[in-house]
Structure formats: C-alpha cells, structure tokens
Amino acid sequence: MAESTRSVAAGRSRRLDGEREQAILQATFDLLGETGYQGLRVDAVAARAQASKATLYRHWPTKAELVADAVRVCKSAPEAVPDTGSLRGDLMTWFGEMAETISGQEGPILAGLFMALRTEPELAAQLRPLRDSKKPCAEAICARAAARGELPGRYDADLIDEIVPAQLFMRCFALGEPLDESYLEHLIDDIILPVLCHRGETR
C-alpha cells in the first residue's frame with residue numbers, strides 16, 4: 001500500500017461515526033446552555049457524552065472548534081427565506097422566527113456566545129461563517145422588495161443584521177420584555193422600514 005493511501009486509511013479509521021459525533025456535539029450544546037462558554041469544560045463534555053478527553057482533543061483541538069461545530073450541528077436549522085409577496089410580510093415572518101429562537105431554549109446559549117465573542121477571538125473566527133450565512137436572507141428579501149418598488153434602488157440590507165438581533169436580544173435578556181407581535185410591528189414600522197428607505201434615498 002502506498003504511503004499516501006495508508007495515511008488516508010489511517011485518517012478515516014480515526015474518524016468518529018455519525019452517532020458518536022452527534023452525541024458529543026449535543027452534549028457540548030446542552031452544556032453551553034447550563035454553563036455558558038466560559039464555564040464549559042472539555043472533561044464535562046467527555047463525561048456527558050461518555051467519551052474520553054483524548055477523543056475530543058483528537059477531533060477538536062480547541063474548545064472554540066468544538067463549540068462552533070456543536071452550534072452548526074445542533075442549532076435549529078433556519079427556515080427558508082420567506083416570500084409573502086410584501087417586504088413587511090417577509091420581515092414579520094423572518095423576525096418572528098428569530099424571536100421564537102431567542103425566546104426559546106436556544107436563546108440563552110446564543111446570548112452567552114455573543115457575550116463571549118468580545119474576549120474570545122478564536123471563537124469569533126470560528127462562528128463568523130455562521131453569522132455571515134444570514135446575510136443572503138436580508139439581501140434576498142430586500143432585492144425582491146426593490147424589484148416590486150417597495151424600496152429605493154439603492155439600499156443597505158446589512159442594516160437589518162446590524163440592528164435587529166441586537167434589539168431582540170436586548171429586549172429579551174436585558175429588559176425582560178416579550179418579543180411579541182406588537183413589538184415586531186414596532187421594530188419593522190418605526191425602525192427598519194424608515195431606515196432602509198432613508199438610507200436608499202440619501203445615497
């Protein structure tokens with residue numbers, strides 16, 4: 001057997017099977033909800049998943065890599081980009097899905113991760129692709145709205161990602177207020193739509 005073939009075979013033999021990997025990542029995700037990122041310990045993950053620390057470190061050399069994989073695999077899959085036929089309808093549907101996630105079991109996990117990003121540059125780098133994956137949703141919604149004449153030809157879809165998550169997390173966790181329909185209507189009608197239209201008109 002050629003050396004390269006032996007290396008590939010050895011690498012494959014060290015891979016975790018799907019169920020084992022899922023168990024480790026789910027244990028990581030669950031513990032994040034209990035301890036937060038700073039309080040998460042690899043030995044606790046190993047004990048919860050009934051795996052050895054050596055196994056975890058072999059497949060995830062750093063805690064940031066382990067946590068990033070756990071978030072990618074265990075976080076609820078995003079819904080398809082809404083297409084209700086109107087900009088306001090699309091935003092209500094999309095923001096409603098965000099609000100449901102933040103208000104649910106995953107909300108405290110995500111809030112803790114956001115807090116950790118300030119002091120954990122490796123975690124921030126690992127989670128950046130996950131954050132950037134949300135941008136096409138805002139762009140798709142705004143592009144359709146512009147084609148229908150609901151937005152000016154020049155707009156900044158990134159403003160949605162800059163404003164909305166911060167508002168929802170602040171209201172839910174700092175103020176302890178519900179993310180109900182009336183608040184989402186206020187967020188859209190009094191903040192997002194005026195900002196999108198104003199920025200488009202002044203560029």
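1. Ground rules. Because the model is predicted, local features need pLDDT of at least 70 and side-chain atom pairs count only at pLDDT 80 or more, while totals for chains, interfaces and linings use all residues. Numbering runs from 1 along each chain as its sequence is written, and side-chain values use heavy atoms, with hydrogens and water left out.

2. Overall fold. The protein has 11 helices and zero strands (DSSP runs numbered from the N terminus: H or I of at least four residues for helices, E of at least two for strands). Its C-alpha atoms fill a box of roughly 65 × 45 × 30 Å along the principal axes. The radius of gyration is 21 Å, whereas a compact globule of 203 residues would have one near 17 Å (taken over C-alpha atoms; the rule is 2.2 Å times the number of residues to the power 0.38).

3. Helix 2 against helix 5. Helix 2 (residues 18-39) packs on helix 5 at about 110 degrees, with the axes 9 Å apart (lines fitted to C-alpha atoms over the stretch in contact, with angles from 0 to 180 degrees between N-to-C directions). That angle makes the two helices roughly perpendicular (65 to 115 degrees; under 35 is roughly parallel, over 145 roughly antiparallel, the rest oblique). By class, the contact has 12 nonpolar, four polar and two charged residues (nonpolar: Ala, Val, Leu, Ile, Met, Phe, Trp, Tyr, Cys and Pro; charged: Asp, Glu, Lys and Arg; polar: the others, Gly among them).

4. Largest pocket. The largest pocket holds about 1200 Å³ of space (on a 1 Å grid over the protein atoms alone, a pocket is an open set with protein on both sides within 12 Å along at least five of seven lines, and a cavity is where a 1.4 Å probe fits but cannot get out; lining residues have an atom within 4 Å of a point). Of its 33 lining residues, Lys75, Leu110, Phe114, Leu130 and Lys134 are the closest to the centre. Helix 6 gives the largest share, six residues. The lining divides into 20 nonpolar, three polar and 10 charged residues.

5. Largest cavity. The search finds one cavity of 30 Å³ or more, and the largest cavity holds about 40 Å³ (the space filled by probe spheres set on grid points joined across faces, edges and corners). Its lining includes Val42, Trp60 and Leu66.
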